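Here is a short tour of one model, written to be read with the viewer open. Please have a look at the sequence and coordinates first.

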Amino acid sequence: MIDIKLLRENPEFVKQNCLRRGSDADVDKLIAVEKEQRELNFRAEALRADRNRLSKECKDNPDARVKVKEIKEELASIETKLVEIEKELHERMSWLPNILAPETPDGKDDTENKELRKEGTVPQFSFKPRDHQELAELLDIIDTQRGAKVAQSGFYYWKGKGAQLCNAMFFWVQQQLVKKGFTSFFSPCLAKEQTLFGTGYLPFFAEQTYKLENEDLALIGTSEQTLVGYHADETLDAAKLPLCYTSFTPCFRTEAGSYGKAGRGIFRVHQFHKVEQIVFCLPDESVKYHDFCLENEEFILKQLGIPYRLVDVCVGDMGAPGYRKYDLEAYFAGFGGYREVTSNTNLTDFQSRRLNIRYKDKDGNKGFVHTISATAVTDRVAIAIIENNQQEDGSIIIPEVLRPFTGFDRIEAPSGK
RNA sequence: GGAGAGGUGGCCGAGCGGUUUAAGGCAACGGUCUUGAAAACCGUCAUACUGAAAGGUAUCGCGAGUUCGAAUCUCGCCCUCUCCGCCA
């Protein structure tokens, strides 16, 4: 949600922003609705003031009651209209995308994202590297067949040393974030509609959400939803900011409409697993902490020995709640190119306005906090490890930093293959 | 799942139809006193929207209703706590 005052005071700016984002929100109509709402509200308040004043006289002056009854009728009809117009206003405001950073590159989709730099050395092979699907079958570390049997296509099992690799990676990453000042969480994997709305996943990504029947609950698409929602309707002490939170959860996405994008293996699935970074900070510090989260992502990939490139995500590839977004795309040897593994979004006050998360400092200054939502690591990173660290026989070398947690330094290939 | 109790400002807690513009206390902040601190005393102290300001409106878990008027009465819902049952 953007500040409605910005809309009122600078409608052209908001319109240009919508235009840049390719949003079909009708800003002119929204302004007209807001004006009507204000007028109706003004009249309703004036009538309530009359009613309140007169009803105090009623005790001694029964004649006043007749007048108050008249006011009540008029008020009721205005309130009916007001409720309708407020509903429309809220609906329209809900669909308005966030303001964009001026630096955000223009572009219609991910092909127009701007590469900022490349890091790491792309591995060279004296043989044709296999993709993770092939390696997974060879090593029996991912089972998509049985995932589909038990659940549906798009679900899978990490198995044996593959599962151990994931456990080690997810644990190690959480440890690193705690060292950098994050508070560790175990958090709910379901959330109510209000929480999904507040984080901007509704209404924008409604068809991506698994909803439970007969319950006001949905499976989370990311722990961002529950970690940001954690502070809904709270005023945070500015002196205690930033708050840096991390949680490790499964993430559920229907991927409706993305058939054909899936490709081989488990790159795009209905359930994946993610360690998340969430920051609540003062408005003038969100750029700084956006960069902080990016540093953490880069630190993790570097420690794991994965080459990657940093991408400045363009307008068309960014969700409506985003102000600016960086993706890291890891190199996948089997795939033979870079693919998205983490994304890091500065949401400014878009979520905090919807969720009513404020700050207050000791001088009494108040406002809405800014939120940063960034991936730390997901299953995709484990896939990159598998593809990049493969040997000619199909075995996988475990990155140094994970070995204390895996307890082995290599996933051995079965003999005789 | 069964039974009971309860949801009031940062916290505790009064109020049960109209001097509630929510008593009182604690905490916090400012001041007096003091070498300094504590104590004591004086003062300030909810939020949002609206308005140039004075002020106005809304909010006592949420929603609806009764009434000239609701924190207070009625109905529905939500949540929390305690005990019992089941249970990783």
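## Helix 7

In this predicted model, the buried residues of helix 7 are G162, L165, C166, A168, M169, F170, W172, V173, Q174, Q176 and L177.

After helix 7 comes G181, which has a positive phi near 105 degrees.

## The surface near RNA strand B

Which elements each supply at least two residues of the surface near RNA strand B? They are helix 1 (4-9), helix 3 (27-57), helix 4 (63-95) and strand 13 (357-360). Helix 3 gives the largest share, seven residues.

By type, this surface has 12 charged residues, three nonpolar and two polar. Of the 17 residues around RNA strand B, those that come nearest are R38, R51, S55, C58 and V68. Of the atoms of RNA strand B within 4 Å of the protein, 71% belong to sugar and phosphate.

## Polar contacts with the RNA

Bases take part as well. A polar backbone atom of S55 is 2.7 Å from a base nitrogen of RNA strand B, and an N or O atom in the side chain of E45 is 3.1 Å from a base nitrogen.

R48 contacts another part of the RNA: one of its polar side-chain atoms lies 3.1 Å from a sugar or linking oxygen of RNA strand B.

Terms used:
Residues are numbered from 1 along each chain as its sequence is written. Chains are lettered from A and ligands numbered from 1 in the order in which they are written. This is a predicted model: local features need pLDDT of at least 70, side-chain atom pairs count only at pLDDT 80 or more; totals for chains, interfaces and linings use all residues. Side-chain values use heavy atoms; hydrogens and water are left out. Buried means under 20% relative accessible area, exposed over 50%, partly exposed in between (1.4 Å probe, protein chains only). Helices (H or I, at least four residues) and strands (E, at least two) are DSSP runs, numbered from the N terminus. A residue is near a molecule or strand if one of its heavy atoms lies within 4 Å of it. A polar contact is a pair of N or O atoms within 3.5 Å; within protein, one must be able to donate a hydrogen and the other to accept it, and residues adjacent in sequence count only if both atoms are side-chain atoms. Ala, Val, Leu, Ile, Met, Phe, Trp, Tyr, Cys and Pro count as nonpolar, Asp, Glu, Lys and Arg as charged, and the others, Gly among them, as polar.
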